[in-house]
Amino acid sequence: MSGRRRLLITGAGGFTGRHAAAYFAAGGAEVTAAVRRKAAAELFPDGVQQYVCDLGDRRAVASMITEVKPDQVLHLAGKNSVPESWRDPLLYMETNVMATLYLLEALRVQPASRILVAGSRLKYRPGEADPPHPYSLSKTLEELVSLAWGTLFAQPVLMAEPSNLIGPGPSTGFCSLLAQHIVRSEAAAVTGEAAPAAFRLSSRHALRDFLDVRDAVRAYGFILDSGETGRIYRIDSGTERELGEIAEKLLAHAAAPVAMDWGPQEKQRRDNDSRSSAVPAKPPFESADTKVPPAESGRYAAVPGWKPEIALDRSLADIIGYTRAGKEGRLL
């Protein structure tokens, strides 16, 4: 980003939000970090202003936009736990749908302000399938209302669909959870305490696309600056990998034995391989990423001028390093 553009980042205290605040501030932007509760000063770089705002409060959101007067908004705030969405589906509608609408409505007084909404590939296609869980429903509705609001009120609304984001920081994703398990196992080996229970994979052979969060944040910058409004930008590494491969790469960093439960599909794969070595067994699960049918491909676009730069091995090493350091403040 060039110049002193005023950038508002919602969900700035989260995993991606912390990286985004640091990246855009370093690039010269005047960054305002919107947080639900005031965070520790060291959470963000010098110069980043915090703004405490409950995005579920329509009046508070309107006041924030009036005071900050952002040129650009990176909307990262939201709920993203599938199990939690089953327990409290209304919370997911309020947080992922209504809060986004409050933000879009407030921005109508700033018609030139560009907003990038971070969506999810766990959405579904209304009319073609049923929602698999309340989280999927909430993110599908968020996309629909965001694009519709942009059309109805001529607002510069953009959408991003990142894949599985990994990297150093307070993530609750698969890689970070396994890294925490590894570090706990290392600590137990040093202290002589009981090792933690085995870390269980749902499936060793499930495919996922993993992208470093720092690459994703760079992509958000390109989209905010030169993306076309009304488009959906898919952000990924372009390579799907088995969860087992990722786990083995992380385990290679371990300095002590780590208990693992590779899941029920591991025995199935061995049985299939023993019956027919000439034809490899098909992975039991398809990728969680939504496939884009040809009829919808026109809505999607590649990120202009962007490509991933951070190798997977570096991402995993940084996750292990961050977890061993026990940092919850500044990022690596």
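Biologist: What makes S6 and S10 a pair in this predicted model?

Modeller: S6 and S10 are joined by four bridges in the parallel sense. Two strands pair if there are at least two bridges between them, so S6 and S10 count as a pair. Within S10, Ile-232 stands opposite Met-159.

Biologist: Where do S6 and S10 sit in the sheet?

Modeller: The sheet is open and has eight strands, in the order S3-S2-S1-S4-S5-S6-S10-S13, with parallel pairing.

Biologist: Why are S3 and S13 called edge strands?

Modeller: Strand S3 (49–52) and strand S13 (300–301) each pair on one side only.

Biologist: Which strands does H7 lie across?

Modeller: H7 lies across S1, S4, S5, S6 and S10, and runs at about 145 degrees to S5.

Biologist: Which residues touch the most other members of the largest nonpolar core?

Modeller: That core has 34 residues, and those touching the most other members are Ile-9, Phe-24, Leu-74, Tyr-220 and Ile-235. H7 gives the most to this core, with seven residues. Leaving out residues up to four places away in sequence, Leu-74 touches, among others, Ile-9, Phe-24 and Tyr-220.

Biologist: How do you know whether Thr-323 is buried or exposed?

Modeller: The relative accessible area of Thr-323 is 18%. Buried means under 20%, so Thr-323 is buried.

Definitions and conventions. Residues are numbered from 1 along each chain as its sequence is written. This is a predicted model: local features need pLDDT of at least 70, side-chain atom pairs count only at pLDDT 80 or more; totals for chains, interfaces and linings use all residues. Side-chain values use heavy atoms; hydrogens and water are left out. Buried means under 20% relative accessible area, exposed over 50%, partly exposed in between (1.4 Å probe, protein chains only). A nonpolar core is a set of buried Ala, Val, Leu, Ile, Met, Phe, Trp, Tyr and Cys residues joined through side-chain atoms within 4.5 Å. Contact means heavy atoms within 4.5 Å. Axes are lines fitted to C-alpha atoms, for helices over the stretch in contact, and angles run from 0 to 180 degrees between N-to-C directions.
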